[in-house]
Amino acid sequence: MTDSRPYAPIVQKLRGAKLRPTRQRLSLARLLFDGGDRHVTAEQLHEEAVSARVPVSLATIYNTLHQFTAAGLLREVVIDPGRSYFDTNVSDHHHFYVESDGRLMDIPGDQVALTQVPTPPDGAVVERVDVIVRLRKNS
């Protein structure tokens with residue numbers, strides 16, 4: 001039996017994050033979350049949306065990705081200034097980054113051990129620690 005409400009799980013996910021399930025949010029969330037854990041740039045998601053005939057601007061993609069991140073549905077992984085990936089896996093983990101092809105891969109959180117985290121400045125607390133291990137292919 002097929003589900004006659006293909007957006008139902010996505011609607012629940014958005015409402016659970018206190019986001020109104022607008023048509024564009026539903027379409028983008030379906031592109032993001034229906035394929036399992038993944039890392040995507042705003043430009044990649046925009047290309048997928050265009051291919052899926054979802055009428056949406058790149059600015060709306062960026063806004064939606066940041067809304068999903070603020071709601072805890074995504075994690076932003078900043079590789080360089082102006083280069084971010086959005087990760088559908090919001091669990092505690094880190095990343096390998098293959099610089100030659102811009103590929104991001106998960107590292108389970110328990111495979112990275114930090115012996116000391118610096119004391120944050122007054123008025124701040126450590127929210128989380130992100131480790132990005134940059135890789136290059138052997139010559």
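Guide: Helix axes here are lines fitted to C-alpha atoms over the stretch in contact, with angles running from 0 to 180 degrees between N-to-C directions. This is a predicted model, in which local features need pLDDT of at least 70, side-chain atom pairs count only at pLDDT 80 or more, and totals for chains, interfaces and linings use all residues. Residues are numbered from 1 along each chain as its sequence is written, and side-chain values use heavy atoms, leaving out hydrogens and water.

Visitor: In what order do the elements of the chain run from the N terminus on?

Guide: The chain holds four helices and six strands, taken as DSSP runs (H or I, at least four residues; E, at least two) and numbered from the N terminus. Read from the N terminus on, the order is α-α-β-α-α-β-β-β-β-β.

Visitor: At roughly what angle do the axes of α1 and α2 cross?

Guide: Helix α1 covers residues 8-16 and helix α2 residues 23-33, and their axes come within 10 Å. The two helices are therefore roughly perpendicular to each other, a word that covers angles of 65 to 115 degrees. The contact (heavy atoms within 4.5 Å) is made by I10, V11, K13 and L14 of α1 and by R25, L26, A29, R30 and F33 of α2. The crossing angle of this pair is roughly 105°.

Visitor: Which residues in α4 do those in α2 meet?

Guide: Helix α4 spans residues 58-70, and its axis comes within 11 Å of that of α2, crossing at roughly 70°. As a result, α2 and α4 are also roughly perpendicular to each other. From α2, the residues taking part are Q24, R25, L28, A29, L32 and F33, and the partners they meet in α4 are T60, I61, T64, L65, Q67 and F68.

Visitor: Is L19 buried or exposed?

Guide: L19 is found in the loop between α1 and α2. Leaving aside residues up to four places away in sequence, L19 touches L14, R25, Q67, F68, A71 and L73. Its relative accessible area is 12%, and since the cut-off is under 20% with a 1.4 Å probe and protein chains only, L19 counts as buried.

Visitor: What distance separates the C-alpha atoms of L19 and D110?

Guide: Along its principal axes, the C-alpha trace of the chain spans about 50 × 45 × 35 Å. L19 and D110 lie 91 residues apart along the chain, and their C-alpha atoms are separated by 31 Å.

Visitor: What percentage of the residues of the chain count as buried?

Guide: L19, with its relative accessible area of 12%, is a buried residue. Of the 139 residues of the chain, the share that counts as buried is 33%.

Key
Buried < 20%, exposed > 50% of the residue type's maximum accessible area, 1.4 Å probe, protein only. Parallel < 35°, antiparallel > 145°, perpendicular 65-115°, else oblique.
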